[in-house]
Amino acid sequence: MEKILLSILHYNKPEQTLDCLVSLNKLNQTGLDIKVLLIDNGSKEELSIEKKLYPNIKIEVIRNEKNLGFSGGHNIGFQYGLKNGFDYVMILNNDTTVDKNLIQELLKPFEKNNSVGVTVPKMYFTAGHEFHKDRYKKEDLGKVIWYAGGATDWGNIISYHLGVDEIDNGQFDKEGETEFASGACMLIKREVLQKVGGFNEKYFLYYEDGDLNMRIKKAGYKILYIPKAILWHNNAGSSGSGSTLQDYYISRNRMLFGMTYAPI
């Protein structure tokens, strides 16, 4: 039985975290031993969970007294997973709703190929949270792609999502390697974390996933996009899309990422 730890950061918006837990409670756990580690990342009010409302999942809450950022927060999850013998650690945004077969689908490639280090799902915008929601028909909401694989424009030092803003008509249904796996949801093999470590905490927020991707690929592992694994994402649920905080860290970390990895 595979042991899987779900590392989820919580920061000041309990309604998002609780909605995420509702969907996780419906996960298909056949043949799996799944535990949810909720990391309260220095929220103003301590997170309180009524575990009886989520009887199908094991939940543990850890509280940080200060905000360690996305990178530092999830590094606690990585360390917990390694220390407690989990076979995989999945980082998952708390502003997501998952399909019940998400983990089952993300696991399949690992069984076939030892060189696979990370799998990442297809991600849609949560209905009503699209960047340009007014351009879509009502029946298309919830089918608009947020991530269907990723790539990096090295000329401009910017990582981007394939398929973003497109209505899903099956055009991104081919499984395969991808250059950039989004930190909104990544399933990572234990062996990978042991070899390359977790996030670089210099990044704090944004581009820490790109940096980890690069180190994983340099270590010889493949990152696979799995379109049959799906979830819905509110997008920038904690930092706020287009906020000053988001703009600052994306701008700063693009420079750090570029100076580290981009060709001269």
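This report describes selected strands, helices and residues of a predicted model.

## Basis of the description

The model is predicted; local features need pLDDT of at least 70, side-chain atom pairs count only at pLDDT 80 or more, and totals for chains, interfaces and linings use all residues. Residues are numbered from 1 along each chain as its sequence is written, and side-chain values use heavy atoms, with hydrogens and water left out.

Helices (H or I, at least four residues) and strands (E, at least two) are DSSP runs, numbered from the N terminus. A residue is called buried under 20% relative accessible area, exposed over 50%, and partly exposed in between (1.4 Å probe, protein chains only).

## Strand S1 and its partners

Strand S1 comprises residues 2–10, and seven of its nine residues are buried. S1 runs parallel to strand S2 (residues 32–41), to which nine bridges join it; two strands pair if DSSP finds at least two bridges between them. Within this pairing, leucine 6 is opposite valine 36 of S2. Between S1 and S2 the chain passes through helix H1 (residues 14–24), and this β-α-β crossover is right-handed. That term applies if, with the strands pointing away from the viewer, the path from the first strand over the helix to the second runs clockwise.

S1 also pairs with strand S4 (residues 88–92), in the parallel sense and over five bridges. Here isoleucine 8 has leucine 92 of S4 as its bridge partner.

## Serine 43

Serine 43 belongs to the loop between S2 and strand S3 (58–64). Its relative accessibility is 3%, so serine 43 counts as buried. A polar atom of its side chain lies 2.9 Å from the backbone nitrogen of asparagine 12. Apart from neighbours within four places in sequence, serine 43 is in contact (heavy atoms within 4.5 Å) with His10, Tyr11, Asn12 and Arg63.

## Strand S11 and tyrosine 88

Five of the five residues of S11 are buried, so this strand is largely enclosed by the rest of the structure. Cys185, Leu187 and Lys189 point one way from S11, while Met186 and Ile188 point the other way. S11 runs antiparallel to S4, with five bridges between them, and antiparallel to S6, with two bridges. In the latter pairing, threonine 119 stands opposite leucine 187.

Tyrosine 88, in strand S4, stands opposite lysine 189 in S11. Tyrosine 88 is buried, with a relative accessible area of 8%. Its contacts, not counting residues up to four places away in sequence, include Ile4, Leu107, Phe110 and Ile188. Tyrosine 88 and valine 192 are 104 residues apart along the chain, yet their C-alpha atoms are separated by 9.3 Å.

## Helices H5 and H6

Helix H5 (residues 208–218) has eight of its 11 residues buried, so the rest of the structure largely encloses it. Among the buried residues are Leu212, Met214 and Ile216. Their cover includes helix H2 (69–83), strand S12 (222–233) and helix H6 (244–261). Just after H5, glycine 220 has a positive phi of about 95°.

In H6, the buried residues are Gln246, Tyr249, Asn253, Phe257, Gly258 and Tyr261. They cover an arc of only 155° around the axis, which means that they lie on the same side of H6; the arc is that of the directions from the helix axis to the C-beta atoms. An α-helix has 3.6 residues a turn, so residues three or four places apart point the same way. The buried residues of H6 pack against strand S8 (150–153), strand S9 (158–161) and H5. Thr244, Met255 and Met259 are exposed on the other side of H6.

Methods
A polar contact is a pair of N or O atoms within 3.5 Å; within protein, one must be able to donate a hydrogen and the other to accept it, and residues adjacent in sequence count only if both atoms are side-chain atoms.
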